[in-house]
Amino acid sequence: MFGCCQEPNTPGHRVMKLFGKVTRMQRSVISSRVKQTGVYRSQHQILMYIALNPDASQKDIARMHEVSTATIAVSLKKLEKGGYIRRVVDTLDNRCNRLQVTEKGRQVVDQSHAIFLKTEMEMFGGFTEADFRTLEGLLTRMYRNMEQMNGGDGKERDTDEKQLDEKERDLT
């Protein structure tokens, strides 16, 4: 069907390639704009999670990011040292700390929300309500098709690649 070094030229492949480019570009724009907050990307994601989930634990964050608690600990220490979060001892379990955003952290969260909104407005400039409905319908249909390919239960499955990445992290 295709030569060994020939990329497929199907409509689906062209759209998926463009979808990937849009996703990477959006991530790049957000990353460059979020730099002005003074918080690095991985720390930023953790700070935003804590803001949305007050009193989250280190385990909660590790579970959400699908990494070890040790991996999260490094970012939490930096966020705490920078004055963006504080640890509060859990009243029910002294071994557990609950994480909370400080006023300085809240300012970064608010600034980030403004950045996200501005980026979204610019990204979808010129889109009509009909465009949004069409795009949402198409993406929902793609998601449902992929969901069926993945077993149909709505849960994302771990890939072999993700499991290999986790094993590599544990070895280093």
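D55 is placed in the loop between α2 and α3, where helices (H or I, at least four residues) and strands (E, at least two) are DSSP runs, numbered from the N terminus. The model is a predicted one, in which local features need pLDDT of at least 70 and side-chain atom pairs count only at pLDDT 80 or more, while totals for chains, interfaces and linings use all residues. Residues are numbered from 1 along each chain as its sequence is written, and side-chain values use heavy atoms, leaving out hydrogens and water.

**Loop residues**

- D55 has a phi near 70°, a positive value in a residue other than glycine.
- With 37% relative accessibility, D55 counts as partly exposed; buried means under 20% relative accessible area, exposed over 50%, and partly exposed in between (1.4 Å probe, protein chains only).
- S57 also lies in the loop between α2 and α3, and S57 is buried, at a relative accessible area of 7%.
- Apart from neighbours within four places in sequence, S57 has contacts with C96, N97, R98 and L99, contact meaning heavy atoms within 4.5 Å.
- E66 sits in the loop between α3 and α4 (69–81).
- The phi of E66 is near 55°, a positive value in a residue other than glycine, and E66 is partly exposed at a relative accessible area of 40%.

**Helix α2 against helix α3**

- Two packed helices are described by the angle between their axes and the distance between the axes.
- Helix α2 (residues 41–52) packs with helix α3 (residues 58–65) at an angle of about 120°, and their axes are 11 Å apart.
- That angle makes α2 oblique to α3; angles under 35 degrees count as roughly parallel, over 145 as roughly antiparallel, 65 to 115 as roughly perpendicular and the rest as oblique.
- Axes are lines fitted to C-alpha atoms, for helices over the stretch in contact, and angles run from 0 to 180 degrees between N-to-C directions.
- From α2, the residues Q45, I46, Y49 and I50 make the contact, and from α3 the residues D60, I61, M64 and H65.
- Sorted by class, the contact of α2 with α3 has 5 nonpolar, 2 polar and 1 charged residues. Ala, Val, Leu, Ile, Met, Phe, Trp, Tyr, Cys and Pro count as nonpolar, Asp, Glu, Lys and Arg as charged, and the others, Gly among them, as polar.

**Helix α2 against helix α5**

- The axes of α2 and helix α5 (residues 103–123) come within 10 Å, crossing at roughly 105°.
- α2 and α5 are therefore roughly perpendicular to each other.
- On the α2 side H44, L47, M48 and A51 take part, meeting G105, R106, V108, V109, S112, H113 and F116 in α5.
- This contact of α2 with α5 has 6 nonpolar, 4 polar and 1 charged residues.

**Residue I85**

- I85 belongs to strand β1 (residues 85–89) and counts as buried, at 2% relative accessibility.
- Not counting residues up to four places away in sequence, I85 touches L47, I50, L76, L79, E80, L99, Q100, V101 and T102.
- Between I85 and E103 there are 8.5 Å in space, C-alpha to C-alpha, and the two are 18 residues apart in sequence.

**The chain as a whole**

- The protein chain has 7 helices and 2 strands, and from the N terminus on its elements run α-α-α-α-β-β-α-α-α.
- Of the 172 residues in the protein chain, 21% are buried.
- Among contacts between residues at least 6 apart in sequence, 51% join residues at least 24 apart.
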